[in-house]
Amino acid sequence: MSMSKGHRSRNMFHAIATDLHFWIPFAVLLGGLFLLDKLR
Amino acid sequence: MPATRLRTLQALGIFCGFAAGAWLGGAEAPIKLVNPDISPITVSLIMVFGVFLARWSVPAFVRGTSHVRNDVRQAPHLIVWAVLAGCMWAVANTLTIYAIRNVGLSIAFPLWNTNSLLGIFWGFLLFNELHYAGWKRWLGVLGGAVCMFGGATLLAIASAHQATPGKATLGVLAALGAGILWGTMYIPYRKAYLTGMNPLSFITFFTVGEIVTMTGLAVSYRGATPLWHELVGAKSVMFWLMLGGFVWVIGDLFQQYATKYVGISRGIPLSNTNQLWGLLWGIFVFHELRGGGQTLYAQVAGGSLLMALGAVAIALSSATAREHASWQDAADREGQRYGVEGEYVRAGMEGRATPSAEIQGRGLPADPNARTLLDWLLILVTTGLFATLAVMARLPHIDIALGWAIALTMAMLALLATCAAALWRTTRFR
């Protein structure tokens with residue numbers, strides 16, 4: 001029996017949230033927004 | 001993967017990297033045609049409109065959007081990664097506008113191209129790139145990286161002569177910030193391609209992040225009403241900016257294929273040969289550095305050459321079969337974490353069709369390369385919009401060398417044709 005869509009989505013977001021690879025670019029993105037704010 | 005196939009894909013990735021360099025380099029040229037009175041944020045927003053149109057219409061033209069649906073079914077998590085990368089691209093692109101304004105095209109380019117150093121670092125640390133590569137390849141990559149850093153430093157020193165007084169530091173900061181964002185943006189790229197996604201699918205979601213971020217930035221920085229007035233006032237230059245965005249997308253697409261087939265530690269330095277193309281456009285077409293002393297020319301030319309030599313050294317250190325096997329380990333890890341079918345991941349890495357998808361035809365039309373009504377609509381709307389904007393466009397009174405501009409454009413088109421043909425023959429744009 002296949003997993004429900006909701007269950008699959010929850011698994012997917014859990015996998016992303018616990019993946020360090022996600023938080024590195026996310027932190028850099030925040031840093032970039034900060035720099036842009038200082039430059040304008 | 002058979003050794004001959006691996007060699008073919010490596011050569012293809014390297015070729016894509018060089019084609020990317022030409023198109024990414026040419027993309028910044030139209031910005032120089034724009035009146036400096038327009039806010040950089042608005043300039044960036046208009047460019048992103050062009051980028052958005054290109055990122056949907058080019059995949060529709062090349063393979064049709066049915067393939068995008070299939071990729072999303074196989075690896076839905078990559079939508080999140082693509083959107084994140086798109087957000088980063090938008091912020092980095094806005095920073096480059098500040099950089100170009102403050103230190104000039106020929107200086108800003110090499111500075112943000114230090115993103116390749118970061119790409120090598122992330123590739124090694126997170127995706128097993130350069131593992132079991134042997135000392136010669138390590139020397140090529142590290143030696144190349146040191147060369148590129150030296151070249152960037154030389155150009156940063158030259159910026160003190162070229163930039164408006166007091167603006168050099170801001171320009172250098174903006175360019176380096178863009179480099180860090182772009183260097184880190186390759187993490188999502190590599191995640192996607194290790195898991196087998198097609199670059200043409202990745203960019204369609206990537207651009208959602210771009211346009212949402214850019215619109216949010218523009219509205220919050222400028223205010224909705226002033227922004228609207230500025231957009232209306234900019235209609236005579238809108239074509240040039242959107243053209244810049246369109247050209248950028250073609251370069252970025254080649255860069256994505258390079259990243260897919262040779263990894264980020266090699267793909268990024270190769271596409272960073274855009275710095276040489278930027279230099280050619282800046283010096284020959286826009287007469288940048290005119291009136292500068294011999295020392296300035298020596299610094300800029302020497303710095304650029306050093307960076308290019310570094311990139312070539314890295315490019316020549318292509319992956320061995322053993323290193324490629326360690327990429328496969330990273331791909332398996334990704335597949336397991338996100339529950340992606342092993343066959344889909346392997347087929348993606350090898351640039352071949354996924355039997356389960358194409359034989360069973362999951363949502364794909366009978367002819368996998370057939371276009372749907374949506375595809376033709378996307379192509380038609382984009383073409384119509386660009387044609388309308390071209391009619392409204394005005395060429396600003398700026399001293400440009402038209403002969404050089406035509407020559408460089410022809411060279412870019414020749415690279416586009418040959419590289420696209422190679423991609424089609426080898427992978428059918430997979």
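How do the axes of helix α13 (residues 274–285) of chain B and helix α19 (residues 402–427) of chain B cross? The answer is in point 2, after a word on the model.

1. Basis of the model. This is a predicted model, in which local features need pLDDT of at least 70, side-chain atom pairs count only at pLDDT 80 or more, and totals for chains, interfaces and linings use all residues. Residues are numbered from 1 along each chain as its sequence is written, while chains are lettered from A and ligands numbered from 1 in the order in which they are written. Helices (H or I, at least four residues) and strands (E, at least two) are DSSP runs, numbered from the N terminus.

2. Helices α13 and α19 of chain B. The two axes come within 9 Å and cross at roughly 160°. Axes are lines fitted to C-alpha atoms, for helices over the stretch in contact, and angles run from 0 to 180 degrees between N-to-C directions. The angle makes α13(B) roughly antiparallel to α19(B). Angles under 35 degrees count as roughly parallel, over 145 as roughly antiparallel, 65 to 115 as roughly perpendicular and the rest as oblique. The crossing of α13(B) with α19(B) is right-handed; the near helix is turned clockwise from the far one by less than a right angle in a right-handed crossing, and anticlockwise in a left-handed one.

3. Residues at that crossing. From α13(B), B:Leu280, B:Trp281, B:Phe284 and B:Val285 meet B:Trp404, B:Ala405 and B:Leu408 of α19(B). Two residues are in contact if their C-beta atoms, placed from the backbone, lie within 7 Å. The residues of this contact divide into 7 nonpolar, no polar and no charged. Ala, Val, Leu, Ile, Met, Phe, Trp, Tyr, Cys and Pro count as nonpolar, Asp, Glu, Lys and Arg as charged, and the others, Gly among them, as polar.

4. Helices α8 and α11 of chain B. The axes of α8(B) and helix α11 (residues 238–262) of chain B come within 9 Å and cross at roughly 60°. That angle makes α8(B) oblique to α11(B), and their crossing is right-handed. B:Tyr186, B:Tyr189, B:Arg190 and B:Tyr193 in α8(B) meet B:Gln256, B:Thr259 and B:Lys260 in α11(B). By class, the residues of the contact between α8(B) and α11(B) are 3 nonpolar, 2 polar and 2 charged.

5. Chain A has 2 helices and 0 strands. Of the 40 residues in chain A, 15% are buried. A residue is buried if 20 or more other C-beta atoms lie within 10 Å of its own, exposed if 12 or fewer, and partly exposed in between, with C-beta atoms placed from the backbone. In the contact between the chains, 26 residues of chain B touch 16 residues of chain A. On the chain B side, the elements that give two or more residues are α4 (78–103), α8 (168–194) and α15 (321–338). The most come from α8(B), with 11 residues. This side of chain B has 20 nonpolar, 4 polar and 2 charged residues.

6. The largest nonpolar core. This core has 146 residues, and B:Met88 and B:Ala99 have the most contacts inside it. A nonpolar core is a set of buried Ala, Val, Leu, Ile, Met, Phe, Trp, Tyr and Cys residues joined through C-beta atoms within 7 Å. Leaving aside neighbours within four places in sequence, the contacts of B:Ala99 include B:Leu111, B:Trp112 and B:Ala178.

7. B:Gly123 is in helix α6 (residues 115–127) of chain B and counts as buried because it has 26 C-beta neighbours inside 10 Å. B:Gly263 is 140 residues from B:Gly123 in sequence, yet their C-alpha atoms are 7.3 Å apart. B:Gly292, in the loop between α13 and α14 (294–315) of chain B, has 15 C-beta neighbours inside 10 Å and so counts as partly exposed.

8. Two residues with positive phi. Most residues other than glycine have a negative phi. Phi of B:Asn128 is near 60°, a positive value. B:Asn128 is in the loop between α6 and α7 (134–162) of chain B and is buried, with 21 C-beta neighbours inside 10 Å. B:Phe429 also has a positive phi, of about 60°. B:Phe429 lies in the segment after α19 of chain B and is partly exposed, with 18 other C-beta atoms within 10 Å.
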